[in-house]
Amino acid sequence: MSAPLPVNRIVHRRCPFCGQDNHAGAPTAYGNAVWPIKACAGCGFVYTEHAPVYERLMDEFAWEKTSHIESERRTAKHPIRQALSQKMKGFRQKVLKRDKLPRLVRERVTAGHVLDIGCGGGGVLSRLGPEYIPHGIEISRALAQRAAETLASRHGTVIHDAALHGLARFPPGYFSGVILSAFLEHEIEPKALLAGVLRVLAAGGCGIIKVPNYASLNRVIHGSTWCGFRLPDHVNYFTPSSLARMCRQAGFEIDRFRLTDRHCFSDNLWIVIRKSA
Ligand SMILES: [Zn+2]
């Protein structure tokens with residue numbers, strides 16, 4: 001049985017794309033009683049109708065805890081699939097050197113200040129070249145502390161806060177690049193966040209986004225055990241179409257969104273967006 005809803009510590013969400021309240025509509029088959037997943041009757045966007053208040057993400061639902069629990073759950077349920085998945089990830093990064101994120105930053109972002117929203121322990125930022133000054137925002141207290149230690153020698157800043165609040169502390173046009181890798185699916189207010197990213201980017205600056213691909217074949221095949229479903233962590237479920245539309249509506253140009261960034265055989269979507277020069 002699910003625990004009763006701690007109603008004072010969750011937020012009810014309207015569709016984060018079009019604002020429609022889908023409270024009366026039936027949930028999809030993917031969520032559960034505590035964390036129902038709805039497909040908006042107005043625009044089709046898929047999202048969780050409830051989400052933990054930001055404060056709960058600092059410790060109670062901090063990513064390093066929930067991801068560890070999720071990883072153990074998957075290993076128990078599908079030990080071979082999980083082991084293979086971890087091996088492939090290491091193989092791609094170490095043997096094939098296909099670490100896509102640092103490569104995209106190198107190709108698309110000019111030297112200067114770079115911000116990683118949801119920077120975790122600072123792993124991505126620490127892999128960027130010396131031409132970049134790395135900054136991070138991280139809501140988990142423990143991870144923000146780790147990132148600050150990792151990046152101490154590189155003159156950047158790590159802010160321990162929710163993304164929107166952290167973004168508000170930077171001046172307009174400050175960054176040549178902003179990274180949202182495995183973050184936008186966590187954000188309760190994704191449109192407000194993209195507007196904030198637009199504000200802090202310099203003209204011509206790029207945002208690099210990676211999110212789970214709700215339109216992936218694996219989601220259709222594996223249903224609710226698909227790796228993109230993480231409750232209550234993932235609150236937005238993007239398709240190639242909804243991701244590009246939300247970015248355009250926020251005022252960005254699409255800089256890169258190739259077939260290799262958005263095909264249905266991948267569990268992830270990648271998009272590079274640009275603020276007009
Ligand atoms: Zn909608």
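## Model and overall make-up

This is a predicted model: local features need pLDDT of at least 70, side-chain atom pairs count only at pLDDT 80 or more, and totals for chains, interfaces and linings use all residues. Residues are numbered from 1 along each chain as its sequence is written.

The protein chain has 11 helices and 12 strands. Helices (H or I, at least four residues) and strands (E, at least two) are DSSP runs, numbered from the N terminus. Of its 277 residues, 38% count as buried. Buried means that 20 or more other C-beta atoms lie within 10 Å of the residue's own; exposed means 12 or fewer, and partly exposed is in between, with C-beta atoms placed from the backbone. Take the contacts between residues at least 6 apart in sequence: 64% of them join residues at least 24 apart. Contact here means C-beta atoms, placed from the backbone, within 7 Å.

## The seven-strand sheet

An open sheet of 7 strands runs in the order S7-S6-S5-S8-S9-S12-S11, with mixed pairing. Two strands pair if DSSP finds at least two bridges between them. The edge strands are S7 (158-160) and S11 (253-256), each pairing on one side only. From one strand to the next, the twist averages 20°. Angles run from 0 to 180 degrees between N-to-C directions, and axes are lines fitted to C-alpha atoms, for helices over the stretch in contact.

Strands S8 (residues 175-181) and S9 (residues 201-212) pair in the parallel sense over 6 bridges. In this pair, Phe-175 stands opposite Leu-201 in S9.

## Helices on the sheet

Helix H10 (residues 240-249) packs on the sheet and touches S9, S11 and S12. Its direction makes about 20° with that of S12. Helix H6 lies across S6 (132-138) and S7, running at about 165° to S7.

The buried residues of H6 (residues 141-150) are Leu-143, Ala-144 and Ala-147. They sit on the same side of H6 because they cover an arc of only 100° around the axis. The arc is that of the directions from the helix axis to the C-beta atoms. An α-helix has 3.6 residues a turn, so residues three or four places apart point the same way.

## Ile-273 in strand S12

Ile-273 belongs to strand S12 (residues 268-274). Ile-273 is buried because 29 other C-beta atoms lie within 10 Å.

Not counting residues up to four places away in sequence, Ile-273 touches Cys-206, Gly-207, Ile-209, Cys-247, Phe-252, Glu-253, Ile-254 and Asp-255. Cys-247 is 26 residues from Ile-273 along the chain, yet their C-alpha atoms are separated by 7.3 Å.

Note on methods: Contact = placed C-beta atoms within 7 Å.
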